[in-house]
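Look at the structure below.

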Amino acid sequence: MPIEIQNFKPSLFLKQVSTLAVFHLREIKVSSATSTLKSQKSKMDTILSSPVVKSFLAGSFSGTCSTILFQPLDLVKTRLQSSVVMDGASSSMLRTFNNVVRNEHILGLWKGIVPSISRTVPGVGMYFCCLQTLKNTFDCHNPGPLQAIGLGVVGRGFAGVTLIPITVVKTRCESKVYNYQSLVDALRKIYTTEGKKGNN
């Protein structure tokens, strides 16, 4: 005997089915997004746990701190060197320091900080990263004196040669001889007026 379904409304049935389908799709999307986030987090954890990445980040952080702290001394050193080259006259460190503060105010001591950070932060990071890579490559985790010197020379040489263009801009910005608007402006002007060799 057939069962009679009373009060059956197809539109209401379809609405309930579509609501359930949307709910399940949302659950699938949420679980998919959660698994994607977990996967990305595990990838980031893997990357950050690498000794090479840790060395780069530690070097970059220390480079930032030392650059901000010692920029005034670096600027005074550059001004002393440029005064001897340009004028042939030598000056004392304190006199140069006072001249900078008097003529350019206290913030003048940090002139050239952007090129300095642009050079030091990746430079120190590259140096430590290169040291760690060399130690891993040559299985030399407890180097002797000569090995340590060799590793240091290679790491420092690599970072120094790579960042020579930024070093040129940094020195020129600190010297007060050149008036560049920004790091990019300095690189562009040096390239257009002096060619590729101007940044070496």
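Are arginine 79 and glutamate 104 buried or exposed? Both are buried (under 20% relative accessible area; exposed means over 50%, and partly exposed lies in between, with a 1.4 Å probe and protein chains only). Their side chains meet in a salt bridge at 2.9 Å, N to O (a side-chain nitrogen of Lys or Arg within 4 Å of a carboxyl oxygen of Asp or Glu). Arginine 79 sits in helix α2 and glutamate 104 in helix α3 (residues 93-104), so the pair ties together parts 25 residues apart in sequence.

This is a predicted model, in which local features need pLDDT of at least 70, side-chain atom pairs count only at pLDDT 80 or more, and totals for chains, interfaces and linings use all residues. Residues are numbered from 1 along each chain as its sequence is written, and side-chain values use heavy atoms, leaving out hydrogens and water.

Now the overall fold. The protein has seven helices and zero strands (DSSP runs numbered from the N terminus: helices are H or I with at least four residues, strands E with at least two). Of its 200 residues, 27% count as buried.

Back to the charges. The structure holds seven salt bridges. One of them joins the side chains of aspartate 74 and lysine 170 at 2.8 Å, N to O. Aspartate 74 belongs to α2 and lysine 170 to α6 (residues 164-175), so this pair ties together parts 96 residues apart in sequence. Aspartate 74 is buried at 19% relative accessible area. Lysine 170 is buried too, at 4%.

Arginine 172 and glutamate 194 also meet through their side chains in a salt bridge, at 2.8 Å, N to O. Arginine 172 lies in α6 and glutamate 194 in α7 (residues 183-194), so parts 22 residues apart in sequence are tied together. Arginine 172 is buried, with a relative accessible area of 14%. Glutamate 194 is partly exposed, at 39%. Elsewhere, salt bridges with shared partners join Asp74, Lys77, Lys170 and Glu174 into one network.

Turn to helix α5. Leu151, Gly152, Gly155 and Ala159 are buried there. Seen down the axis, the buried residues of α5 fall within an arc of 100 degrees, so they line one face (the arc is that of the directions from the helix axis to the C-beta atoms). On the other side of α5, Leu146, Ile149, Val153 and Val161 are exposed.
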